[in-house]
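Look through the sequence and the structure first, then read on.

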Amino acid sequence: MVIYEGKAVFEGIAIGKIYVYTKQEQAVKRYKIDDVEEEKKRYGQAKEKTIEQLKALYDKAVKEVGEHGAEIFMAHQLMVDDDDFVESVESIIETEGVNAEYAVATTGDNFFKMFSEMEEEYFRGRAADIKDITERILNALSGAGQGGIVSDEPVIVVADDLAPSETVQMDKDKILSFVTVHGSANSHTSILAKTMSIPALIGCPVPLSDEVNGLMAVVDGYEGKLYVDPDTEVLAKKKELLLKEEEKKNLLERLKGKENITLDGQKINLYANIGNTKDLGLVLQNDAGGIGLFRSEFIYLGSDHYPTEEEQFVIYRQVAQTLAGKKVIIRTLDIGADKQADYFELPKEENPAMGLRAIRICLTRPEVFKTQLRAILRASAFGNISIMFPMIISVEEVKKIKVIVEEVKKELDDVGAEYDKNIELGIMIETPAAVMVADELAEEVDFFSVGTNDLTQYTLAIDRQNQSLDEFYDSHHPAIMRMLQMIADAAHRHGAWAGICGELGADLSLTKEFLAMGYDELSVSPGRILPIRKTVIETNVSEYKKETGR
Ligand code: PEP
Ligand code: MG
C-alpha cells in the first residue's frame, strides 16, 4: 500500500480501480505549404468544427451540471473565435508559409505564456483554457477524435491536470473520483467535482505510470489521501465509511422532488443562500425551491471599481434565468464592517459593526444604490426576483427606500425598460430595533427574513467575528427564540410572510421549533436543504406544539 496526500476539494470516499488519464498530446511538425489560401481555409474549417464540438459539449454539460457549470464551453467558443488568436494563426500561415498545425500550436504557446505571466490570478487560470482550445483545434486539424475513458467499470481518474473539456466529455457514470497532480482549488475540475458531488483531490503527487494504472485504490476526500493498493484493514474501514455515506446519500436523494410538508400538512419553503453565480449548480442539485438570500455584496467585493449597472444586470439576469421562475431574493449591498472594498473609501471607525454599513451606505450614496436597483429591476423581467434590504432599524428608512425604488421604476418607465411592476420588497430583521417595531415594518413590506447572525450579535452584544467570545455565544439564547416568535407573528398579523436566512435557519435541532413558530421559509446553504426537508417530512407540528406546551 502506498499513500499519497493531496488537497481535498470535495469530501467523500471512492473505492475503485485507478485509470491513468493521459492527454493525447499532438506532436506538431512544421512544414512549408504551397497554397496559403487553401491552408487558411483548412484552419477555418477546423475552427468551425471545434466550435461545433464545443456547442455540443455545452449542451451536454447544461444537462449534467447546469448552466453555470457549462459556461466554460461558451467561453471556449469565444476564445476559439477570438480575433487576436485567429489573426495570429493566419498571419503565421501567411508570413512564414507554413502549415496550420504549426501556426495554431505556436499561437497557442504564445498566448499560454502571455496568460501565465499575468499578475491577476483569474487570467493565469485562463492559460489552461488556452492550452485546451489549442489542442482541440489541433485535433480537429488532424481529424483525431475527442478523448474519453475507456473502461467497463467506474474508475478513479488520475491525471496530471484536467481541462474542462476533458472532464465534461468523460462519461460521468464511469467516474468515481478525480485525482490530479496539479490544478488549483478554483480550477474547473474542482468546481465540476463539487457540482457532481464526487470526492476529488488536487496537488496529489501520484506517479502517472502504467504501474499504478488499473490498481485498486481508495480516495478519502475527508483526509485528502489516496491509498494505492490499500491493505485489507484500510480497505475494510473505508468500505464501511462508504456504505454509511451511500446510505445517507440515498436517503436524501430520495427526497429530491418531494414537497417540504409535515406529517400534519404544514408547508415550508426551503431556499438556498448564495454568494455568487458559481453556487447556482449546487442550488439546482440540492433541489432548492428558490434563492432566499443572494449576498450581492460579493459582486462589489470581487471588483476593483463600483460594478456598473450592466455588469450587475448580467449577473442578476443569469441567476433569474437559471432559477427559471423560482423565487430569487437579491439582498442589496451589505458592505461595511467585515466586508470592505477599498474603492468605497469608507472612513475608519471605532465600531465598524455599528458603523456606516449596508443600507446606511445606500441611503447616503443614492447613486450607488440606484445603480444596483436599476440592475435588479431590469433583471426582474427575466424571472421571479424579489428585493431585500439589510440592517434596517426604522420605518422611516423603509419609507425612504420605497421612495427611491419608485424613482428608479419611473426612470425605467421613461425609457420603456421592462421590469416586474409588482416586484416583492422585503427587509432583513437583524437588529433588535427592527424586532421591536416589527408590526409597523410589516405594514410596509411583503416579507421579513431574519438575519440571525447579526441579530444574535446585536442582541447578545457579542461580536460575531471574535472567536474568543465563543463560550458566551449562545445561538439558542431565549432572547433570540422569543424574538423569532415575535417577528413571525408580526409579519403574519400584517399579511407579510416570514423567513430565516441566518445560519440558525440550518440548525436541524430547531427545524421543528421554526415550524411551530409558523415560519414560511428557511434559506440555508444548498447542502443543508435535503437534511432539513427530511426533518420537515418527519415532523408532526401539532404534536410538537402539544409536547412543548403551546
Ligand atoms: C445575517 O446577519 O444573519 C445574515 C444572513 O447576513 P450576513 O451573514 O450576510 O450578515
Ligand atoms: Mg447580516
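The side chains of Thr107 and Ser88 are joined by a polar contact of 2.9 Å. A polar contact is a pair of N or O atoms within 3.5 Å; within protein, one atom must be able to donate a hydrogen and the other to accept it, and residues adjacent in sequence count only if both atoms are side-chain atoms. This is a predicted model, in which local features need pLDDT of at least 70, side-chain atom pairs count only at pLDDT 80 or more, and totals for chains, interfaces and linings use all residues. Residues are numbered from 1 along each chain as its sequence is written, chains are lettered from A and ligands numbered from 1 in the order in which they are written, and side-chain values use heavy atoms, with hydrogens and water left out.

**Thr107 and its setting**

- Thr107 sits in helix H3 (residues 100-116). Helices (H or I, at least four residues) and strands (E, at least two) are DSSP runs, numbered from the N terminus.
- Thr107 counts as buried because its relative accessible area is 0%. Buried means under 20% relative accessible area, exposed means over 50%, and partly exposed is in between (1.4 Å probe, protein chains only).

- Glu430 and Asp454 are both buried.

**Ligand 1**

- There are 14 residues around ligand 1. Arg295, Arg331, Gly451, Asn453 and Arg464 come nearest. A residue is near a molecule or strand if one of its heavy atoms lies within 4 Å of it.
- Glu430 has a polar side-chain atom 3.0 Å from an oxygen atom of ligand 1.
- Asp454 has a polar backbone atom 3.0 Å from an oxygen atom of ligand 1.
- Gly451 has a polar backbone atom 3.4 Å from an oxygen atom of ligand 1.
- On its own, ligand 1 has 290 Å² of accessible area, and the protein covers 98% of that. Accessible areas come from the Shrake-Rupley method with a 1.4 Å probe; for residues, only the protein chains shown count as cover.
- Where does ligand 1 sit? Ligand 1 is in the largest cavity. A cavity is a set of points, on a 1 Å grid over the protein atoms alone, where a 1.4 Å probe fits but cannot get out. A molecule sits in a cavity if more than half of its atoms lie within 2 Å of its grid points.
- Strand S10 (290-295) and H16 are the elements that give two or more residues to the shell around ligand 1. H16 gives the most, with 3 residues.

- Glu513 is in helix H18 (residues 511-517). Its side chain makes a polar contact of 2.3 Å with the side chain of Arg550. Glu513 counts as buried because its relative accessible area is 15%.
- Glu397 lies in helix H13 (residues 395-414). With 10% relative accessibility, Glu397 is buried. Glu397 and Arg360 are 37 residues apart along the chain, and their C-alpha atoms are separated by 8.9 Å.

- Asp35 is in the loop between strand S3 (13-21) and helix H1 (36-80). A polar atom of its side chain lies 3.2 Å from the backbone nitrogen of Glu37. Asp35 is partly exposed, at 40% relative accessible area.
- Asp229 is in the loop between strand S8 (225-228) and helix H7 (232-253). Asp229 is not a glycine, yet its phi is positive, near 55 degrees.
- Glu345 is in the loop between strand S11 (327-331) and helix H11 (359-364). Glu345 also is not a glycine and has a positive phi, about 45 degrees.

Methods. On a 1 Å grid over the protein atoms alone, a cavity is a set of points where a 1.4 Å probe fits but cannot get out, and a pocket is an open set with protein on both sides within 12 Å along at least five of seven lines; lining residues have an atom within 4 Å of a point.
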